[in-house]
Amino acid sequence: MLMAICSFGIAQSTNGDWAKGSLSDAGLAEMKLQAMEDRIKSGEFKKIGSVLVARHGKLVYETYFEGDGNTLRDTRSATKSITDTLIGIAMREGKLSGVGTRVFSVLPEHVSRVQNPDPRKSEITIEDFLTMSSPLECDDWNDVSRGNEEKMYLVEDWTQFIFDLPIRGRMRIGEQVAPSPYGRSFSYCTGGVFTLSELLEKQTGVRVDRYAQQKLFTPLGIAQAVWVYSPLNIPQTGGGLRLTSRDLLKIPQLYLNGGDWNGSPIVDAAWVKDSTTPHARIDMDTEYGYLWWLKSFKVDGKSYPAFYMNGNGGNKVLGIPSLDMAVAVTSTNYNAKGMHEQTEKLLVDFILPAVQQ
């Protein structure tokens, strides 16, 4: 049976938790979502933890296949997008002057002992790490990359590990160098995002986990958040933050709201726009904003552009502006072939087709 959720007629409840609405009022077909549930329960779709849908600011569908509403989900890198939000909040408060801020200038204690010195390192900006396009030789998708995150986890000082990396290069055939889309060359680097944890603490005077609780989680009604910490006790802003499925869904909903929650601004609308605008290209179908993935999902000849949090295991938490809809699919298919394709199949075969109006 589909979970029945009643409508209270407001976009978000006054205590920061979700207002709830019905599928029919949200224009979603129950039969399509029931078919999805049946296929998941049959085992056709593996290790799906939860599926949640919010439409017009109300939670209208919530089903759990592993755990329940109180289960803290390890969505791996999906929570990188929360780091983007924290950067935006710090800018709104005047703690950061902008994404052009040079990272080395904020963290000079690391610069004095940096290995592989190169003047280009001093030019690395916050935006370079937000867009996965710094010049450092760091690629989590390449096991032999010097900056692969698994190698970072073996040392004590993760920020120093990143700053010590050499500048990356790429062999090519022929002398012509094809220009990179948006002027940036994408290379997925968790360690670069981690350095923003130290940078935020330096600029705000508050450790990131506490800053997030004060400025973001408490206003959103998020009470449970379990962080991963480096050996030096620095919160990992590159992923691994455990939140419930409901609370994860609040992040894209905040961006669908233009940065407001219950009428109170948390992050500027201009930052939301910048964060969900393409700044780098991953492949022909996928682009990257500021720690947000950008892609259009096609159903029955229609295209639905989305910005989304994306993590190992097939975890996806999406905002779909044209439908005023947020979707969370949590999954534990870690390192499994086809993990992301499986989640996208749920989205394009069941969730998006369920929208009737």
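The hairpin of β2 and β3 has 2 residues between its strands, and His56 adopts a positive phi near 55° there. Helices (H or I, at least four residues) and strands (E, at least two) are DSSP runs, numbered from the N terminus. The model is predicted: local features need pLDDT of at least 70, side-chain atom pairs count only at pLDDT 80 or more, and totals for chains, interfaces and linings use all residues. Residues are numbered from 1 along each chain as its sequence is written, and side-chain values use heavy atoms, with hydrogens and water left out.

**The sheet and its order**

- An open sheet is formed by 9 strands in the order β1-β3-β2-β13-β12-β11-β10-β9-β8, and its pairing is mixed; two strands pair if DSSP finds at least two bridges between them.
- The edges are β1 and β8 (280–281), each of which pairs on one side only.
- Strands of a sheet pair through backbone hydrogen bonds, either parallel or antiparallel.

**Around strand β3**

- Strand β3 (residues 58–64) has 6 of its 7 residues buried, so it is largely enclosed by the rest of the structure; buried means under 20% relative accessible area, exposed over 50%, and partly exposed in between (1.4 Å probe, protein chains only).
- Strand β1 (residues 19–20) pairs with β3 in the parallel sense over 2 bridges, and the bridge partner of Lys20 in β3 is Leu59.
- Strand β2 (residues 48–55) runs antiparallel to β3 and is joined to it by 6 bridges; Leu52 stands opposite Glu62 in β3.

**Around strand β11**

- Of the 10 residues of β11, 7 are buried, so this strand is largely enclosed by the rest of the structure.
- Strand β10 (residues 293–299) pairs with strand β11 (residues 302–311) in the antiparallel sense over 7 bridges, with Trp293 opposite Tyr308 in β11.
- The hairpin of β10 and β11 has 2 residues between the strands, and Asp300 takes a positive phi near 50° in this hairpin.
- On the β12 side, 5 bridges join β11 to β12, and the two strands run antiparallel; Tyr308 stands opposite Leu318 in β12.
- The hairpin of β11 and β12 has 3 residues between the strands, and Gly313 takes a positive phi near 100°.

**Helix packing**

- Helix α3 (residues 80–92) packs with helix α10 (residues 208–220) at an angle of about 75°, the axes being 11 Å apart. Axes are lines fitted to C-alpha atoms, for helices over the stretch in contact, and angles run from 0 to 180 degrees between N-to-C directions.
- The two helices α3 and α10 are therefore roughly perpendicular to each other; angles under 35 degrees count as roughly parallel, over 145 as roughly antiparallel, 65 to 115 as roughly perpendicular and the rest as oblique.
- On the α3 side, the contact is made by Ile82, Thr85, Leu86, Ile89 and Ala90, and on the α10 side by Val208, Tyr211, Ala212, Lys215, Leu216 and Phe217; contact means heavy atoms within 4.5 Å.
- By class, the contact of α3 with α10 comprises 9 nonpolar, 1 polar and 1 charged residues. Ala, Val, Leu, Ile, Met, Phe, Trp, Tyr, Cys and Pro count as nonpolar, Asp, Glu, Lys and Arg as charged, and the others, Gly among them, as polar.

**Salt bridges**

- The structure holds 21 salt bridges, each defined as a side-chain nitrogen of Lys or Arg within 4 Å of a carboxyl oxygen of Asp or Glu.
- Arg184 and Glu127 meet through their side chains in a salt bridge (3.2 Å, N to O). Arg184 lies in the loop between α8 (158–163) and α9 (190–204), and Glu127 in helix α6 (residues 126–130), so the pair ties together parts that are 57 residues apart in sequence. Both Arg184 and Glu127 are buried.
- The side chains of Arg39 and Glu44 form a salt bridge (2.5 Å, N to O). Arg39 is partly exposed at a relative accessible area of 33%, and Glu44 is partly exposed at 40% relative accessibility.
- Arg120 forms a salt bridge with Asp118, with the closest N and O atoms 3.0 Å apart; Arg120 is partly exposed, its relative accessible area being 47%.
- A network of salt bridges links Asp17, Glu62, Arg246, Asp247 and Lys250.
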